[in-house]
Amino acid sequence: GLTLEPIQEAYERQRRFLSDASHELRTPLAILQTDLENELIATPAKPAARHQIESHLEEVGRMSQLVGNLLLLSRLDERTEARHQTTRLHVGDVIEESADRLQSIAQRYDVTMRIEPLDKDAQFITNKELLMQALSNVIKNAIAYNNPGGTVTISFETSSKQVVIRITDTGIGIAKEDL
């Protein structure tokens, strides 16, 4: 026990730092995003300025996603907390909500999102926040690394013990060594 104690304390400090840093970074990023969005509204006639502001907004969005992922990682380490936040959900509803949230990004990339017919009665017990984060990450990547005019298809199948959600796209794919 004494040998592992310093390792456990270091691990806990690292997890706490990750969580605290994520929380602290969210506020300035939200302020930056709001200011940039207001600036975008205020400069409708200047295409060069609009392009630069839109570029900055994309970077703030990437940073916000990274901070969200860091916060998610710190929460995943608290497995007992995640287990207690589970609820019974309809699979199709979660998929549709995830896709709806990303529709504007898909339009910006000229990508069509298609949800294959869903069994509206299929349910499962899960942590909605964690599932939505995971789906959003995979769908965003399928959109961002797709071809203009491409398609992202979301489907799922269920069995008595599991749900398999499948997200496919017409994009460049992932190198075998990165899979």
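Mentor: Let us start with Thr43, which, once neighbours within four places in sequence are set aside, is in contact with Arg50 and Ile53, where contact means heavy atoms within 4.5 Å. Before we go on, note that this is a predicted model, in which local features need pLDDT of at least 70 and side-chain atom pairs count only at pLDDT 80 or more, while totals for chains, interfaces and linings use all residues. Residues are numbered from 1 along each chain as its sequence is written, and side-chain values use heavy atoms, with hydrogens and water left out.

Trainee: OK, and where does Thr43 lie?

Mentor: Thr43 lies in the loop between helix 1 and helix 2; helices (H or I, at least four residues) and strands (E, at least two) are DSSP runs, numbered from the N terminus. Thr43 and Ile53 are 10 residues apart in sequence, and their C-alpha atoms are 9.4 Å apart in space.

Trainee: Does Thr43 count as buried or exposed, and why?

Mentor: Thr43 counts as buried because its relative accessibility is 9%. The cut-offs are under 20% relative accessible area for buried, over 50% for exposed, and partly exposed in between, using a 1.4 Å probe and protein chains only.

Trainee: What about Leu179, buried or exposed?

Mentor: Leu179 counts as exposed, because its relative accessibility is 75%. Leu179 is found in the segment after strand 5, and its C-alpha atom is separated by 26 Å from that of Leu18, which is 161 residues apart from Leu179 along the chain.

Trainee: Switching to the sheet, what is the strand order?

Mentor: It is an open sheet of 3 strands in the order 2-4-5, with mixed pairing, and two strands pair if DSSP finds at least two bridges between them. Strand 2 (112–115) and strand 5 stand at the edges with a single partner strand each, so one side of each is left without a neighbour in the sheet. From one strand to the next, the twist averages 15°; for angles like this, axes are lines fitted to C-alpha atoms, for helices over the stretch in contact, and angles run from 0 to 180 degrees between N-to-C directions.

Trainee: And how many bridges join strand 4 to strand 5?

Mentor: Strand 4 and strand 5 run antiparallel and are joined by 7 bridges. They form a hairpin with 4 residues between them. Phe156 stands opposite Ile165 in strand 5, and Ile154 has Ile167 as its bridge partner in strand 5. On the other pairing, strand 2 and strand 4 are parallel over 4 bridges, with Thr112 opposite Thr151 in strand 4.

Trainee: Which residues does Thr153 touch?

Mentor: Leaving out residues up to four places away in sequence, Thr153 touches Arg114, Glu116, Arg166, Ile167 and Thr168. Thr153 lies in strand 4 (residues 151–158), and Thr153 counts as buried because its relative accessibility is 9%.

Trainee: Which strands does helix 6 lie across?

Mentor: Helix 6 lies across strand 2, strand 4 and strand 5, and it runs at about 20° to strand 5.

Trainee: Now pockets: how much space lies in the largest pocket?

Mentor: The largest pocket holds about 1100 Å³ of space. Of the 30 residues that line it, the closest to its centre are Gly61, Gln65, Leu102, Ile105 and Lys140. On a 1 Å grid over the protein atoms alone, a pocket is an open set of points where a 1.4 Å probe fits, with protein on both sides within 12 Å along at least five of seven lines, and lining residues have an atom within 4 Å of a point. Grid points are joined across faces, edges and corners, and a volume is the space filled by probe spheres set on the points.

Trainee: Which helix gives the most to that lining?

Mentor: Helix 2 gives the most to the lining of the largest pocket, with 11 residues.

Trainee: And what is the volume of the second largest pocket?

Mentor: The second largest pocket has a volume of about 230 Å³. Its lining includes Val138, Tyr145 and Ile167, and the largest share of that lining, 3 residues, comes from helix 6.
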